[in-house]
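The following questions and answers concern the structure shown below.

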Amino acid sequence: MLRRFVVLSLLLSLPSLADEGSGMPEVLAKVAPGIATVKVVTQTDVTMGGQSQSSESRTEVQGVVVDETGLVMISNATFDTSGMKDLLSAGGGGGADLKVTPTEFKVVIEQEEKEYEAFLAATDTKLGLAFVQIVELGDRKLASVGFDGAAELAVGQRLLAVGRLKKGYDYAPYVVQAKVTGKIAKPRAAWLVDGDMAGAGLPVFTADGQVAGVIGDVQVTSDEEGGDGNSRLLRRLLGRMNRAEPAAPSFLLPPGPVKASIEAAKKQAAELAIERATKKEEAPKDDKESPKDGEEEAPKDGEEPKDGEDEEPK
């Protein structure tokens, strides 16, 4: 009798187990071509107690191609200093001045070997996002992820996201899942999701492939958080070190504000691309025509030499 009960329980659980994996192959195949790896070089300058120190860091983040011309959306956490300043303040470094400057971007498309040069096109500090534009793609059009429409979400709903492993694992794409655990209305509308999903700045989808939003940031002041003087980032890090503390949920930003940020970034990227191209065209001319310090400009063909100059021998 007990054996029959166990067998019956297993049979009843099969549909739910199948539901747990539904949509994963389809979302992986659809989204993976638009997930890129962005290599960032940053320079950090810290001034504290009258002393200054500079250092260079290299890191990799995952991004999503949001325009076929090569505009890639990432999290701005790599060079956003707000969380770092909170950490310094919490440690008694209230008088410290911190500056993080991104100096180089390289983008790896899917699992390719080539690293494409890119430049920082725009940032959105309210959403915790940044946009880099790949250069020298030529006529190539990239697979991109759109943010039209918005899925209807509910607490308990299963969500999917796609990420990529590092170079040592051939940048292999993978799909992860999480569930909606709550919702906030202030300081901006966002859903709460258990866990970190694939990474900040990446899109999230429902099991049937509809875009649900982007894992991003919702910043508030320490007073708004309860006056404890610690940022959400600091408390999240402390919670990870202390397993007795529950992990803070991630914020899922709805597609609407994200799409508006993308459209603004497209315009700014196009303007910066024209500006960069113009400077590149003008630079060789300036170098060729302008004499170096202490040198006289050479006479052009057909011109008489200036006073004090010897005519070139024929």
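Q: Why is strand β3 described as largely enclosed by the rest of the structure?
A: In this predicted model, strands are DSSP runs of E with at least two residues, and helices are runs of H or I with at least four residues, both numbered from the N terminus. A residue is buried under 20% relative accessible area, exposed over 50% and partly exposed in between (1.4 Å probe, protein chains only). Strand β3 covers residues 71–75, and it is largely enclosed because the number of its residues that are buried is 5 of the 5.

Q: Which residue of β3 stands opposite V64?
A: Two strands pair if DSSP finds at least two bridges between them. Strand β2 (residues 51–67) pairs with β3 in the antiparallel sense over 3 bridges. In the hairpin of these strands, which has 3 residues between them, G70 takes a positive phi near 110°. The residue of β3 opposite V64 is M73.

Q: How many bridges join β3 to strand β6?
A: Strand β6 spans residues 129–134 and runs antiparallel to β3. Within this pair, L71 stands opposite Q133. The number of bridges joining the two strands is 5.

Q: How far apart in sequence are the parts that E115 and K39 tie together?
A: A salt bridge is a side-chain nitrogen of Lys or Arg within 4 Å of a carboxyl oxygen of Asp or Glu. E115 and K39 form one, with their closest N and O atoms 2.6 Å apart. E115 lies in the loop between β4 (97–108) and β5 (116–124) and K39 in strand β1 (residues 35–48), so the separation of the parts they tie together is 76 residues.

Q: Is K39 buried or exposed?
A: K39 belongs to a salt-bridge network that also links E60, E115 and K166. E115 has 34% relative accessibility and therefore counts as partly exposed. The relative accessibility of K39 is 17%, so K39 counts as buried.

Q: What is the N to O distance between K259 and D148?
A: Across the whole structure, a search finds 11 salt bridges. The side chains of K259 and D148 meet in a salt bridge with an N to O distance of 2.4 Å.

Residues are numbered from 1 along each chain as its sequence is written. Local features need pLDDT of at least 70 and side-chain atom pairs count only at pLDDT 80 or more, while totals for chains, interfaces and linings use all residues; side-chain values use heavy atoms, leaving out hydrogens and water.
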